[in-house]
Amino acid sequence: MFLAGSLVVFCGLLAQSTAQLAGLPLPLGQGPPLPLNQGPPLPLNQGPPLPLNQGLPLPLNQGQLLPLAQDLPLAVSPALPSNPTDLLAGRFTDALSGGLLSGGLLGILENIPLLDVIKSGGGNSNGLVGGLLGKLTSSVPLLNNILDIKITDPQLLELGLVQSPDGHRLYVTIPLGLTLNVNMPVVGSLLQLAVKLNITAEVLAVKDNQERIHLVLGDCTHSPGSLKITLLNGVTPVQSFLDNLTGILTKVLPELIQGKVCPLVNGILSGLDVTLVHNVAELLIHGLQFVIKV
């Protein structure tokens with residue numbers, strides 16, 4: 001009976017001690033371990049201080065604000081490809097220019113026997129030029145003393161290109177420059193004349209019986225009023241000599257040079273790159289403008 005009472009008293013004391021221990025405050029920063037990711041919620045924007053420049057990892061696609069006047073680099077938009085027709089005119093004139101040079105245009109001009117042509121009236125003794133020269137030499141005897149008129153330093157300048165208003169034709173301007181050396185006896189090189197002349201070639205697109213497209217030469221002539229003759233150096237015995245010589249050259253040179261350039265252009269058109277010819281001809285046949293007006 002005594003043992004049973006003692007056991008009851010001991011159990012009562014043990015329960016009382018356990019209850020008292022449960023009510024005591026725990027030391028600061030200590031407590032029973034909590035299950036993972038569970039615990040009392042922290043107040044907003046509060047929590048234990050983090051080391052400088054460090055922070056908790058942020059979710060994907062979120063980040064801190066950048067300092068003022070700084071921003072992420074913007075993606076550069078790729079340049080849009082230019083319209084192929086914008087480059088077609090340049091390719092065409094480059095091909096013509098290259099063909100004229102590789103075809104020996106400058107050498108052809110340099111080897112023109114200009115004095116013989118003038119004296120023969122362009123191959124016709126009864127021609128207008130021959131008749132003019134006879135009259136001029138009778139009034140200005142000094143013309144009879146010309147030993148030679150030599151073409152030197154021929155140049156092919158930058159070609160020009162214009163499309164007709166209806167879009168079906170091209171007009172190619174072929175600007176030429178050269179120097180004339182007029183040689184006289186004893187004196188040697190008496191005069192140097194600078195000459196500039198434009199030849200204009202018309203280009204058309206046609207289809208043959210097999211429906212194949214070709215570029216062909218239409219009208220080809222010197223541009224009216226484009227011939228310029230200026231004195232580079234030299235001393236003229238009389239002004240009438242220079243005036244008369246310039247008058248003869250004005251009548252002879254344009255057709256003479258035109259006769260050398262135009263057949264060459266015709267040959268170049270027949271030998272152009274097939275793709276280039278097709279692209280140009282298709283636009284011309286349909287009257288589509290591709291030459292940029294400046």
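This is a predicted model: local features need pLDDT of at least 70, side-chain atom pairs count only at pLDDT 80 or more; totals for chains, interfaces and linings use all residues.
The largest nonpolar core holds 64 residues. Phe92, Leu114, Ile174, Leu180 and Leu215 touch the most other members. Helix α6 (residues 239-270) supplies the largest share of this core, with 15 residues. Ile174 is in contact with Leu100, Leu156, Leu159, Leu197, Asn198, Ile199, Val261 and Val265, leaving aside neighbours within four places in sequence.

Thr179 lies in strand β3 (residues 169-184). Its relative accessibility is 12%, so Thr179 counts as buried, the cut-off being under 20%. Beyond neighbours within four places in sequence, Thr179 is in contact with Lys150, Ile151, Thr152, Asp153, Gln192, Leu193 and Leu232.

Helix α7 (residues 274-285) has twelve residues. At 1.5 Å a residue, α7 should span 16 Å. The C-alpha atoms at its ends are 16 Å apart, which agrees with that expectation. Leu276, Val277, Val280, Ala281, Leu283 and Leu284 are the buried residues of α7. They cover an arc of only 160° around the axis and therefore sit on the same side of α7. An α-helix has 3.6 residues a turn, so residues three or four places apart point the same way.

Both ends of α7 show local features. At the start of α7, a side-chain oxygen of Asp273 comes within 3.1 Å of the backbone nitrogen of Thr275. Just after α7, Gly287 takes a positive phi of about 70°.

Technical notes: Residues are numbered from 1 along each chain as its sequence is written. Side-chain values use heavy atoms; hydrogens and water are left out. A nonpolar core is a set of buried Ala, Val, Leu, Ile, Met, Phe, Trp, Tyr and Cys residues joined through side-chain atoms within 4.5 Å. Buried means under 20% relative accessible area, exposed over 50%, partly exposed in between (1.4 Å probe, protein chains only). Helices (H or I, at least four residues) and strands (E, at least two) are DSSP runs, numbered from the N terminus. Contact means heavy atoms within 4.5 Å. The expected span of a helix is 1.5 Å times one less than its number of residues. The arc is that of the directions from the helix axis to the C-beta atoms. A polar contact is a pair of N or O atoms within 3.5 Å; within protein, one must be able to donate a hydrogen and the other to accept it, and residues adjacent in sequence count only if both atoms are side-chain atoms.
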